[in-house]
Amino acid sequence: MELSKKKMRRGHFSMNSIAFVCIVVSVCCLFVVFISMFRLPKVPVGSRAVGLYRTAKRGRVSENEKFIGRFGGMMIEMLPEDLAFTIFVPSQKAFERDLRLRVNDSLVGEKMNDTYAIVSRVMGFSAVPRTLSSVMVPVGGEVSYDSISGFPLYITKDIDGMLVVNRIRSERVDIRKGEIVVHVMDGVIMDAEFEQSVQPDYSEE
């Protein structure tokens with residue numbers, strides 16, 4: 001009898017031990033899940049990796065960003081911010097007037113790819129792989145550099161400090177975006193062939 005009682009006690013003890021271990025494991029799992037929920041890394045919204053196609057909401061637009069405009073911002077995003085570049089960005093009005101690009105129309109649907117191609121070509125004509133602020137150009141003098149696409153740029157400075165590049169006058173100079181120097185132009189810098197390709201074909205009318 002005593003032997004049977006001992007066996008029953010041992011069996012009862014074993015069952016209690018297993019139940020206790022199960023409860024402890026369950027509590028630990030719940031604790032780990034609870035802690036993990038509060039330590040999940042936050043995903044940054046509007047990361048630069050999304051580039052031109054990002055749709056995250058932006059905060060307050062600075063005065064310089066208003067001058068640069070949406071298409072100008074696209075051009076700047078094509079360049080690495082940690083390397084020295086100077087870019088002559090057309091103003092928003094110049095994009096509309098000379099290239100017929102409009103924010104509300106040219107950045108939607110299938111037109112986005114065509115717009116990107118045009119803006120990237122303009123960037124090739126307008127960017128120089130070096131720092132060139134307005135103070136580096138003498139008044140009445142001229143400096144010349146080739147753009148990253150090999151297009152020659154002839155740069156002078158008016159008496160009021162505004163730069164003139166291939167006869168196109170700047171509206172705002174010396175805007176800094178990282179290592180990039182941005183000058184906003186009242187026109188589009190481009191070669192004759194590209195200019196002809198973006199002009200409306202009146203013969204089809």
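## Phe194 and the basis of the model

Phe194 has a relative accessibility of 6% and so counts as buried (buried is under 20% relative accessible area, exposed over 50%, partly exposed in between, with a 1.4 Å probe and protein chains only). The model is predicted: local features need pLDDT of at least 70 and side-chain atom pairs pLDDT 80 or more, while totals for chains, interfaces and linings use all residues. Residues are numbered from 1 along each chain as its sequence is written, and side-chain values use heavy atoms, with hydrogens and water left out.

## Chain overview

The chain holds six helices and seven strands, taken as DSSP runs numbered from the N terminus (helices H or I with at least four residues, strands E with at least two). From the N terminus on, the order is α-α-β-α-α-α-β-β-β-β-β-β-α.

Of the 205 residues in the chain, 32% are buried. The accessible surface is about 13,900 Å², and carbon and sulfur atoms account for 57% of that (Shrake-Rupley method, 1.4 Å probe; for residues, only the protein chains shown count as cover). Among contacts (heavy atoms within 4.5 Å) between residues at least 6 apart in sequence, 55% join residues at least 24 apart.

## Aromatic pairs

Rings of Phe, Tyr and Trp (its six-membered ring) pair if their centres lie within 6.5 Å; planes under 30 degrees apart count as stacked, over 60 as edge-to-face and the rest as tilted. By this rule there are three aromatic pairs. One of them joins Phe125 and Phe151 edge-to-face, at 5.4 Å centre to centre with 70° between the planes. This pair links distant parts of the chain: Phe125 lies in helix H5 (residues 111-126), and Phe151, 26 residues apart from it, lies in the loop between strand E3 (142-146) and strand E4 (152-157).

Phe125 and Phe194 have ring centres 5.7 Å apart and planes at 50°, so this pair is tilted. Here helix H5 is linked to helix H6 (residues 192-197), with the two residues 69 apart. Phe125 is buried at 5% relative accessibility, and Phe151 is buried too. Phe125, Phe151 and Phe194 form one aromatic cluster.

## Nonpolar core

A nonpolar core is a set of buried Ala, Val, Leu, Ile, Met, Phe, Trp, Tyr and Cys residues joined through side-chain atoms within 4.5 Å. The largest has 43 residues, of which Ile87, Phe88, Leu99 and Ile155 touch the most other members. Leaving aside residues up to four places away in sequence, Leu99 touches Ala94, Ile118, Val122, Val188, Met190, Phe194 and Val198.
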